[in-house]
Amino acid sequence: VAFDVTGRLMAVSAVPSWEDRDYHVQVWDVDSGRPLWEPIRCRDATGLTFTPDGSALVAVGYTPADEAYTGVIQSWDARTGRPLMAPYFASFLPARPSSVSGHPALPLTALGSFDLTTRIWDQDAQRLTDTLLRHTARVLATRFSPDGALLATGAQNALAQLWDHAAGVPVGPPLRHGGAVRHVAFDAEGTHLVSTSQDGAVHIWKVATGEMVGSPLLLGGSIR
């Protein structure tokens, strides 16, 4: 599920049944509760994000190819469902829905991958940019800061990291957790980062210094 910046458009991707392995993608008008277009059958759509102006919906996933898997990026006009491009195939494998994040001002999408990298998709150019952020484990979460200057990532090796994505370099030390980092999010001002880990803990960090605020909030159980 993804919302546009106004909160008035909601995109949903789902697999209707175990027999039907294709994803169905659809955009809804939240105010009226009505779909804007009929479900579109497509290749895998693990993660969804709107471009900042709400004009396009970008879907990222992976699909079988020659007994292996390859990443696939697709996009449609958010209002009509008209395809904006042919499916784009790449070697990366997006890890999970939380590993796909849209930039707040530019038509860029961060893609955390099973291949230990984070890449950036440029929707206007319809290609991957030259940015390649290298990790030491699978990337499970990505999120741009509210001003778009920083990118936060969370990985399977229990580390979160802030990045200057334009320069392709980390900002500050890795932020250590007690389990795989499943989700990352900034507060509205971009001064704090919240991260959740598989061991059931929620951490709050100061973006400027990388210091943890207080003690982790222990929810118990495993955060997926």
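These legends describe close-up views of one predicted model. Residues are numbered from 1 along each chain as its sequence is written. In this predicted model, local features need pLDDT of at least 70, side-chain atom pairs count only at pLDDT 80 or more, totals for chains, interfaces and linings use all residues, and side-chain values use heavy atoms, with hydrogens and water left out.

**View 1. The largest pocket and its lining.** About 750 Å³ of space lies in this pocket. A pocket is an open set of points on a 1 Å grid over the protein atoms alone, with protein on both sides within 12 Å along at least five of seven lines; lining residues have an atom within 4 Å of a point. A volume is the space filled by probe spheres set on the points, which are joined across faces, edges and corners. The lining of the largest pocket has 31 residues, and Phe3, Thr49, Ser101, Gly102 and Arg143 lie nearest its centre. Two or more lining residues come from each of β1 (2-3), β6, β10 (100-102), β14 (139-144) and β18 (181-186). Strands are DSSP runs (E, at least two residues), numbered from the N terminus. By class, 16 residues of the pocket lining are nonpolar, twelve polar and three charged. Ala, Val, Leu, Ile, Met, Phe, Trp, Tyr, Cys and Pro count as nonpolar, Asp, Glu, Lys and Arg as charged, and the others, Gly among them, as polar.

**View 2. The largest cavity.** A search of the whole structure finds one cavity of 30 Å³ or more. In a cavity, a 1.4 Å probe fits but cannot get out. The largest cavity holds about 40 Å³ of space. Its lining includes Thr49, Phe50, His103 and Gln123. β6 (47-50) and β11 (108-112) each give at least two residues to this lining. Five residues of the cavity lining are nonpolar, six are polar and none is charged.

**View 3. Two residues with positive phi.** Glutamine 126 has a phi near 55°. Glutamine 126 sits in the loop between β12 (117-122) and β13 (127-134). Alanine 158 has a phi of about 70°. The loop between β15 (150-155) and β16 (159-164) holds alanine 158. Glutamine 126 is partly exposed, at 32%.

**View 4. Glutamate 38 in its loop.** Glutamate 38 lies between β4 (34-35) and β5 (40-42). Glutamate 38 is exposed, with a relative accessible area of 62%. Its C-alpha atom is separated by 32 Å from that of threonine 118, 80 residues apart along the chain.

How values were computed
Helix = DSSP H or I, 4+ residues; strand = E, 2+ residues; numbered from the N terminus. Buried < 20%, exposed > 50% of the residue type's maximum accessible area, 1.4 Å probe, protein only.
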